[in-house]
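Subject: Structure handover

Hello,

Here is the structure for you to look through. My notes follow below it.

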There are 2 protein chains.
Amino acid sequence: MARPRSFDPDDVLEVARKVFLRKGYQAASLDEITAASGIAKPSLYAAFGDKSALFLRVLDRYHDGILGWAERVLAQPGPAHDVIRQWLTGFVPYCSGAKGSRGCLSINAATDGSLDQTEVRKSIERYNRRLEQLLRARLRADRAQFRKGFDPDLTAHTIMVVHTGLMTLAHQGSDAKQVQAVIDQVMTLLT
Amino acid sequence: MARPRSFDPDDVLEVARKVFLRKGYQAASLDEITAASGIAKPSLYAAFGDKSALFLRVLDRYHDGILGWAERVLAQPGPAHDVIRQWLTGFVPYCSGAKGSRGCLSINAATDGSLDQTEVRKSIERYNRRLEQLLRARLRADRAQFRKGFDPDLTAHTIMVVHTGLMTLAHQGSDAKQVQAVIDQVMTLLT
DNA sequence: TTCATTCTGTACTTTGTAGTACACAACTGG
DNA sequence: CCAGTTGTGTACTACAAAGTACAGAATGAA
């Protein structure tokens, strides 16, 4: 019973995600986001609150997307080795070449000192915890497929470390084949 | 034959390093650096140039420190496995607990989108290349110590990935024992 | 058609901070 | 002791960008 919104909030969040990914939190200006999305600043503030609240929305959305995909892939039947390799390989396009050269929004936020005392950090920690939990659950469930003495918890964490390393080094424009080779070498830890 | 400097440039670079590490490039203000170092802004500009030039000096200094240490450790006699493990273990205090929670200045700079088109990126790439080169050279030289088919180049890169992952995840305050466990697990790739 | 309500666009204020002008202080060579 | 040179401190300017006031537009309900 009033004037309706002239924009789709999801579209704006998507535009904002791209700007934040390209510039980082600090250097991304709201003027740039409003220009790219075509809406005016008061509309942005009315819909999402201030800059940090907007970023948090964008980041949570980003996290949910990756977690949803990970849940789907890691729930597939078959050897744990294969589904985890498939999961890691899915990141190759996002951590190599020009497409990957902006890195990962979550990691970029984690390494941004200006976001230290915000909700952002909690969101990132929750995301990392859930991702590792998915890996751990799968490795524990399928531990019979591995050698005696295999440590599913440690291995889940090591995979997280490798994943984080690949997504971080993406900023220097990694080669897709080399990324895949690293994944394959690390997968030999799952025996 | 003129008034001498009233400060040691190295001291100022050290102060600036701490501020940049804590706040990130953007959020670190020159006022904060001058306040912490006790010198005035015109002196800072006269000695180092503008903010980006100062950051580059700080970053190069940081890189040189780590590279120098890596050269020393990796040149030691003994099995390659042992010296590389020792080198990685040396990072544990810097990527765990409160001390490591600011992460690595180089990685923080690499993931900062606002520094994309600067000399900073070249400095980071050179640093990563040299570090990996040190690992590669040592693994190649000692390849006889490993199994047939051991790939020193790939393994050097994988170690870089793990190192980067550990330094990145340091932001969430990792547990030192867990970091060491990951290192030990990854070291099993060197056989 | 009219009213109440909510959204939109322009244009503004405010603030943090990078960078500098300028007068003065500290030193050295002669 | 003087002159020339370089560093220092105060105080300023310039500017970008976050956040907002306000007038007007777009809707649904009566």
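How many helices and how many strands are there in chain A? Chain A has 10 helices and zero strands. Keep in mind that this is a predicted model.

**Chain A overall**

Read from the N terminus, the elements of chain A go α-α-α-α-α-α-α-α-α-α. The C-alpha trace of chain A spans about 65 × 40 × 30 Å along its principal axes. Chain A has 191 residues, and 50% of them are buried. Now take the contacts in chain A between residues at least 6 apart in sequence. Of these, 70% join residues at least 24 apart.

One stretch of chain A carries an annotation. UniProt, in an unreviewed entry, gives residues 117-144 of chain A the feature "coiled-coil region". In the model, the chain over residues 117-144 is 82% helix and 0% strand. The end C-alpha atoms of that stretch are 43 Å apart.

**DNA strand D**

- B:Ser6 places a polar side-chain atom 2.4 Å from a phosphate oxygen.
- A:Leu30 uses a polar backbone atom, 2.9 Å from a phosphate oxygen.
- A:Lys51 has a polar side-chain atom 3.1 Å from a phosphate oxygen.

The largest share comes from α3(A), with three residues.

**Aromatic pairs**

Over all chains, a search of the whole structure finds 12 aromatic pairs. Start with B:Phe20 and B:Phe55. Their ring centres are 4.8 Å apart and their planes stand at 80 degrees, so this pair is edge-to-face. B:Phe20 lies in helix α1 (residues 9-23) of chain B, and B:Phe55 lies in helix α4 (residues 51-74) of chain B. The pair therefore ties together parts that are 35 residues apart in sequence.

Are these two residues buried or exposed? B:Phe20 is buried, at 2% relative accessible area. B:Phe55 is also buried, at 2%.

B:Phe55 has a further partner, B:Tyr25. That pair is edge-to-face as well, 5.1 Å centre to centre with 65 degrees between the planes. B:Tyr25 lies in the loop between α1 and α2 (30-37) of chain B, whereas B:Phe55 is in helix α4, so this pair ties together parts 30 residues apart in sequence. B:Tyr25 counts as buried, with 12% relative accessibility.

**A buried arginine**

Last, find B:Arg121. This residue is in helix α8 (residues 119-141) of chain B. B:Arg121 has a relative accessible area of 12%; that is under 20%, so the residue counts as buried. What is B:Arg121 in contact with, neighbours within four places in sequence aside? In chain B, the contacts are B:Ala109, B:Ala110, B:Asp112, B:Leu115 and B:Asp116. From chain A, A:His171 is in contact with B:Arg121.

Best wishes

How values were computed
Residues are numbered from 1 along each chain as its sequence is written. Chains are lettered from A and ligands numbered from 1 in the order in which they are written. Side-chain values use heavy atoms; hydrogens and water are left out. A polar contact is a pair of N or O atoms within 3.5 Å; within protein, one must be able to donate a hydrogen and the other to accept it, and residues adjacent in sequence count only if both atoms are side-chain atoms. Helices (H or I, at least four residues) and strands (E, at least two) are DSSP runs, numbered from the N terminus. UniProt positions are given in the numbering used here, feature names are shortened, and annotations may be inferred rather than shown by experiment. Buried means under 20% relative accessible area, exposed over 50%, partly exposed in between (1.4 Å probe, protein chains only). Contact means heavy atoms within 4.5 Å. Rings of Phe, Tyr and Trp (its six-membered ring) pair if their centres lie within 6.5 Å; planes under 30 degrees apart count as stacked, over 60 as edge-to-face and the rest as tilted.
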